[in-house]
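Please find below a colleague's note on the model shown here.

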Amino acid sequence: MSSGTDSLPTPGREVRPGPSRSSSWSRVGGLALLLTFSQGLTAADLGSSLRELQAVAAEGRGNPAANPAWRRVAAAEARSLPTLLGAMDGANDYALNWIRAAIESVVQRELARSRTLPTEALLRFARDTHHHPRARHLAFELVGRQDPAMHDRLLPEFLNDPSPDLRRDSVQALLNEGVALATKDKPAAIAVLQKALSSVRDADQVDAVAARLKELGQPVDLPRVFGWVHRWRLIGPFDNTSGAGFEKAFPPESIIDAAAEYEGKTGKVKWREQNTTSDYGIVDFNQPFGALKSVTGYAVAEFWSDTPRRAEIRLGCKDGWKVWANGKFLFGRDEYHRGYEIDQYRMPVELQKGRNVILVKCCQNEQTEDWTKEWEFQLRVTDSSGTPIFSSR
Amino acid sequence: MNASILPLLLGAGLLIGPLSARADWTQFRGAAGDSVDPSSRVPSQLGTNSVVWSIPLGGRGIASPVIVADRVFVTSSSGGRQDRLKVQCFQLSDGTLRWERTFWATGRTMTHEKISSAAPSPATDGRAIYAFFSSNDCVALDFDGNLLWYRGLGRDYPNASNSLGMASSLSVVDGVVIAQAENDSESFTAGLDARTGTNVWKLDRPKRANWTSPFPFRDASGKTSVVLQSSKGVVAIDPQTGKTRWNYGEGASTVPSTTASAGRLYVPSNGLTVLEPGTNGGFTQVWRSAQMRPGTASPVVLGNRVFALNDGGILSCADTQDGRRLWQLRLKGSFSATPVSAGGRLYCVNEEGLVQVVDPEAPSGAVLSELALHETIIGTPSIAADSLFVRSDGHLWRIGRNSSL
């Protein structure tokens, strides 16, 4: 699993794919002039009601107005489903759920009345990568509700789709096919699974595909598939007695000086190189520093980009941690030893052209149980679909 | 009410304790939060013919079903990241799906492998169904599936999560939905307006992972309070304001939850500690027993007996007057689900899906019958319509008398 379906929010800014609200609404508005969407509900009513749903925000802001608007939207007819899906473009996570619930209500009612869903329009919507990835996936699910055979027939075309969910479903179909072939036609199974491996993004599916290929005698370069940042410099230990080190800013939070030497918890400390070759990109502080407790360490990596671009830093860590990119604090969390996994935390980041500096603070606490030994993390840089981005140097 | 008889009723303990009527199973551990439905006639002799119906569910979950009249509400999660949050409404009589709604999680969905995003149980006030998930998404729907409001508490407060998963169930008291999101980092409990979902109040809470559930009760003065249990102990708060009425600070478990009976709170603290809230805003400690140690399952009180089930299947029975342990009975298997009671019996479901019906009146307790459901079951069952409702990651069963259809 992931940190949820979305990355951690950047304060004051919602990062969302898809066209801006104004562009999506120009399309909705155009349709609104032509169509009446249900008995007693004009296109203008529908448009204004959808705007109420789009206006919901954090801490329930907009909920009171959204409630009656939702009922009006949910009264729409099946032919308006592409319009409802289009309203997801540029919508925040709260609004997505309001609109989705209205769509489900429409679909349930219309199918109960033995009416058909507009399959062709839904398919066009699903294929249009300008739309919100989740709206596209939902559109394709609705195609499947109306015509399961069409859904299954067309699923392979989404194998390299920017929508993580469409891609996932398509990869799963290939994985199932590869598994089914394994005992009957080994070369064919390998070919299918290699194809899946070239498109897979979700960690659980990577492991599933790699395991099947391994059973068939095919090695998989997991560090390459995941795209771990593997070249690091570490410094530590600094103090973290009673967890106080999490909030304390030790020198690396002010300046990264590869030649510097600082006073650590038990003496002088300085940066040292630490490259990881682990399949899962584990950067292990215990390895150079020993199995210490109540300590803080830092890891720094250079990440080179040919162009400025939006990306995600994806972290897995079961210790207390903080992450900075180019000196900007992204997120931190003081939870210890509750578990970790690939892509546990997703942080939006703006990579600059050339050299970028990623700094990770990793705090170990005082627990002594066997399952609290790990003082480590894993990190990769990806696009929003989970496709690894590799440092250009 | 005739004011003249009020003191008599208070003195008899008749107004003290649980809040809700028992007709429906409105939240985790039932309307009263005590896991008991004394009026239900669930069979004591269970067998394969006791399965009235079973149906596949739309995803994984350990949340208890909520039952109102002829409708059974169940929450689940699905998807590779368990990020599809589902609320389903089934027909009580035959398990027919009436409607379902799916939402995208806005908070983190990582959990321990035994559970999933649908760990907290939903609740109802008779007007709406309120569903809560490990991602801290909270949704209100009317009984026909119309969306009333949506909150992404995991999006609003992004460090409020637990990498093992959150599991505190909702409670609804006098128009306020109590949502507990207590964890090692951004730890809080919020009171949400049941009509709009907006914050009525929000409390900073101890920074420690906590899977217990808020427990509403009415004290001897007739005031409704909500007990919030944590590693620090328990606090009784005013559900309208979140303000503390009294505080017990001697520590408590973070897994099994407090229950109540006859005006007393049974708190999983230092074993089991019994508190009696007074009329002056305080409380009295009645007794404490280190021998009574609930595991994951919450304690259950039947008459003058209190029961604690540990994770290894040892069911301990004590006298409610002094905490003296009366007997222990070893049940089969390991347990996460809280026992529920109907007709004076205890229905205990182990993690292997074996339902064991216990006669607690037998001298050392006795298992009356068993029913194997052959699926992993972590969630606490519900009771309504003379039936037991049990859910796994894959199925929902109604267990009762087939003639009750």
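1. A:Glu141 is partly exposed, at a relative accessible area of 26%, where buried means under 20%, exposed over 50% and partly exposed in between (1.4 Å probe, protein chains only). Its salt-bridge partner is B:Arg84, at 3.4 Å from N to O; a salt bridge here is a side-chain nitrogen of Lys or Arg within 4 Å of a carboxyl oxygen of Asp or Glu. This pair crosses between chains, joining strand S5 (residues 84-91) of chain B to helix H7 (residues 133-146) of chain A. Helices (H or I, at least four residues) and strands (E, at least two) are DSSP runs, numbered from the N terminus. B:Arg84 is buried, with a relative accessible area of 13%.

2. The model is predicted: local features need pLDDT of at least 70, and side-chain atom pairs count only at pLDDT 80 or more, whereas totals for chains, interfaces and linings use all residues. Residues are numbered from 1 along each chain as its sequence is written, chains are lettered from A and ligands numbered from 1 in the order in which they are written, and side-chain values use heavy atoms, without hydrogens and water.

3. A network of salt bridges includes A:Glu141, B:Arg84, A:Arg100 and B:Asp83 among its members. Over all chains, the search finds 50 salt bridges.

4. Within chain B, B:Asp144 and B:Arg71 form a salt bridge with closest N and O atoms 3.0 Å apart. These residues are 73 apart in the chain. B:Asp144 is partly exposed at 46%, whereas B:Arg71 is buried at 13%.

5. Chain B has two helices and 33 strands. Buried residues make up 67% of its 405 residues.
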